[in-house]
Amino acid sequence: MAVRLTIAEQLSRPTQPTSPTLSAVQLADNEQTSSEDPARGSLRPSSQSVVPAMVIGFKRANDDDAAEASGRITRKLKLDSKDSELLALASKMPLQEQVLFCIGLSLKTMATVNQIQPADAQFKLSDILKGKIEIYTYNALVSPHAAGYLEECNCIVLGILRRHPTWGLTAAVVENPTHYHAVCSHVAKRLNDKRRHIKAAIKSSTGIVDEADPNGQPLEVMDIVKLVSHATKVKGSTGMKAHSVKITVQLLARFAFLRRAFVELPAGSSVDYWKTVDKQLQSIRERFKDQPKHAMFFKRILDNDLEQFGANKDATLDDFQSAVPLTDVQTEVEEAIAGIITVPTDDEADNTE
């Protein structure tokens with residue numbers, strides 16, 4: 001007669017798999033089935049008498065074994081102290097509780113992952129905001145009164161955009177570092193593209209030999225009016241062309257200064273052109289604080305440019321006097337530069353790198 005073990009006795013037995021045996025009751029049922037069907041010639045339990053074999057549970061490790069195992073895993077995975085304590089706690093739980101604990105951690109991880117936004121989908125600029133950035137970056141760079149072409153232009157554009165939250169740069173966007181970074185990056189990229197276009201126009205206007213030309217033929221020298229018309233030419237939709245800047249004598253003088261700064265760069269020099277220009281503008285402001293003297297300095301620059309590169313045959317300086325009405329966009333940019341209108345400060349721009 002088979003000996004029936006208690007649960008405690010079964011759990012204390014070794015965990016090696018054992019072959020299931022038939023109990024006395026099952027054997028009796030089999031004998032009865034066999035006697036009722038002698039033709040079968042073998043003992044076959046009936047479907048009603050079959051019971052599943054008992055699954056022997058794992059032996060629960062004692063506290064010392066659990067601590068040793070969790071220590072090995074901690075060292076192997078290089079877990080920090082907090083995760084190591086959590087692992088040690090889980091190792092002492094009953095098996096069913098460990099399973100539920102793992103499920104809970106998985107659910108928590110899934111909830112955290114769902115809150116993470118992909119890098120390329122963090123913030124999408126609206127078409128309206130992109131259009132305004134296109135217009136104001138262009139006008140800020142071609143302003144005859146720009147204090148500089150790097151940080152200064154960046155701050156002017158962002159400040160004007162923040163004055164008009166209906167365009168898309170709302171307070172909520174500014175307060176979100178990720179979203180505001182996307183806007184600042186787009187502004188910086190468009191400014192950089194337009195600076196590259198202006199510099200290329202200035203270079204070609206000087207008649208310097210194009211290195212890409214195998215024949216080494218010099219380019220056509222442009223007078224200052226042609227240069228400004230080429231450098232400020234708006235490419236894009238009809239809406240963009242409607243915001244083309246009005247050329248004034250001051251703008252001609254500013255581009256004469258930009259061309260002079262380019263020509264004076266040492267040949268083959270790796271000096272940054274726009275940083276050099278910004279430093280020179282700073283020096284000019286410090287030296288000529290009186291407005292008439294400041295204006296006279298740029299007039300001399302323009303006169304020298306006309307002498308070196310020639311005057312336009314179809315237009316005179318009288319055709320570009322400051323009385324020419326500016327566009328609304330130009331007016332807002334000029335007022336922002338002059339401080340007539342207040343633009344929000346842009347301390348956050350320092351964190352966009």
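**View 1. Start and extent of α9.** At the start of α9, the backbone nitrogen of T178 lies within 3.0 Å of a side-chain oxygen of N176. The model is predicted: local features need pLDDT of at least 70, side-chain atom pairs count only at pLDDT 80 or more, and totals for chains, interfaces and linings use all residues. Residues are numbered from 1 along each chain as its sequence is written, and side-chain values use heavy atoms, without hydrogens and water. Helices are DSSP runs (H or I, at least four residues) numbered from the N terminus. The end C-alpha atoms of α9 are 42 Å apart, which agrees with the 42 Å that its 29 residues should span at 1.5 Å a residue (1.5 Å times one less than the number of residues). G207, with a positive phi near 80 degrees, follows α9.

**View 2. Packing of α9 (residues 177-205) against α10 (residues 224-231).** Their axes, lines fitted to C-alpha atoms over the stretch in contact, with angles from 0 to 180 degrees between N-to-C directions, come within 9 Å and cross at roughly 155 degrees. The two helices are therefore roughly antiparallel (over 145 degrees). Contact (heavy atoms within 4.5 Å) involves H197, I198, A201, I202 and S205 of α9 with L227, H230 and A231 of α10.

**View 3. Packing of α6 (residues 127-141) against α9.** The axes come within 9 Å and cross at roughly 45 degrees. Residues in contact include I133 and Y138 of α6, and V187 and I198 of α9.

Terms used:
Angles under 35 degrees count as roughly parallel, over 145 as roughly antiparallel, 65 to 115 as roughly perpendicular and the rest as oblique. A polar contact is a pair of N or O atoms within 3.5 Å; within protein, one must be able to donate a hydrogen and the other to accept it, and residues adjacent in sequence count only if both atoms are side-chain atoms.
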